[in-house]
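Here is my note for your reading group. Keep the structure open while you go through the points.

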Number of protein chains: 2
Amino acid sequence: MGAKQWSSDWMRAALGLCVLRTLAAGPTYGYAIAAELEERGFGTIKGGTLYPLLTRYDAAGWISVEWRVGAGGPERKYLSLTNTGLDELATQTANWRDFTDTVLAHLDSTLTSGTALTMGTDKS
Amino acid sequence: MGAKQWSSDWMRAALGLCVLRTLAAGPTYGYAIAAELEERGFGTIKGGTLYPLLTRYDAAGWISVEWRVGAGGPERKYLSLTNTGLDELATQTANWRDFTDTVLAHLDSTLTSGTALTMGTDKS
DNA sequence: TCTGACTAACTAGTGACACTATATAGTCAT
DNA sequence: ATGACTATATAGTGTCACTAGTTAGTCAGA
């Protein structure tokens, strides 16, 4: 289901937003976030990508951390979205929609050969 | 019109695709690409971002280069999309649509608290 | 004439962050 | 005990955007 691997630049752009969105469903931990995102079609999220990101979000005050014992396995670091994080999610989500709309508008625009070539330097 | 500045990670993700799309309208040069993208709502594209990108695309064989005298000003380095570049644009455009659909599907998904928390380690 | 504004391409230095690979440690089945 | 799976984390490397310039041409106004 989640076999596809997207460009790392694209993942770099959207991963943070997707992680915040995942956290909005309730407290969870890194490994489970990676599993859910993979299931949703984002490809495999490596620990070396995810954990530093979660550390940055903790430092930013967007998430809070609580250790809990796991059900048969090592301890889990449960992460919850703070109010600041929830605000951030809302802001980023709205911006993301605007941004992707802007990109799609450009991609779908009519091919007008030479649109940008008349730049005003042509004074005559 | 182009006052908004998007997150640099987002621009990093989409700039290449947008540049290829701009080139698909016909040969043009760096400064004009930056001006057109700004007009289309992408914010200001700095030379330090754009020119290295164009150099990479030239090295990748996606664009070809030709110097022409400018209309009252320094020489312009006109860039054309190669056939390889055109293929790349088509591929990336299709992938971009898939990717943004995947992200939006996640953002719009119903909030189901604890979705990913039952991961199979809970054996009993 | 020389000063600044605009056009146009390009580079050095720095920093952010993903990637590869690895470490640590717990549980469980063979 | 050996390997597979769960779970978090870090070191080293490389890519690339950002800041802040340089070089160079044209043109308008002091």
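**Notes on the model**

1. Start with one residue. A:Thr93 sits in helix α4 (residues 83-108) of chain A. Helices (H or I, at least four residues) and strands (E, at least two) are DSSP runs, numbered from the N terminus. A:Thr93 is buried, at a relative accessible area of 13%. Buried means under 20%, exposed over 50%, and partly exposed in between, with a 1.4 Å probe and protein chains only. Beyond its neighbours within four places in sequence, A:Thr93 is in contact (heavy atoms within 4.5 Å) with A:Leu17 and B:Leu107.

2. A word on the basis. This is a predicted model: local features need pLDDT of at least 70, side-chain atom pairs count only at pLDDT 80 or more, and totals for chains, interfaces and linings use all residues. Residues are numbered from 1 along each chain as its sequence is written, chains are lettered from A and ligands numbered from 1 in the order written, and side-chain values use heavy atoms, leaving out hydrogens and water.

3. How do the two chains relate?

4. Now the DNA. There are 22 residues around DNA strand C, and among the nearest are A:Arg12 and B:Arg76. Near means that a heavy atom of the residue lies within 4 Å. This surface divides into seven nonpolar, eight polar and seven charged residues. Nonpolar covers Ala, Val, Leu, Ile, Met, Phe, Trp, Tyr, Cys and Pro; charged covers Asp, Glu, Lys and Arg; the others, Gly among them, are polar. Its largest share, three residues, comes from α3(A).

5. Which part of the strand faces the protein? A side-chain N or O atom of B:Arg76 is 2.3 Å from a phosphate oxygen of DNA strand C. For A:Arg56 the corresponding distance is 3.4 Å.

6. Last, the sheet. Chain B has an open sheet of three strands in the order β1-β3-β2, with antiparallel pairing. Strands pair if DSSP finds at least two bridges between them. β2(B) and β3(B) pair over six bridges.

Methods. A polar contact is a pair of N or O atoms within 3.5 Å; within protein, one must be able to donate a hydrogen and the other to accept it, and residues adjacent in sequence count only if both atoms are side-chain atoms.
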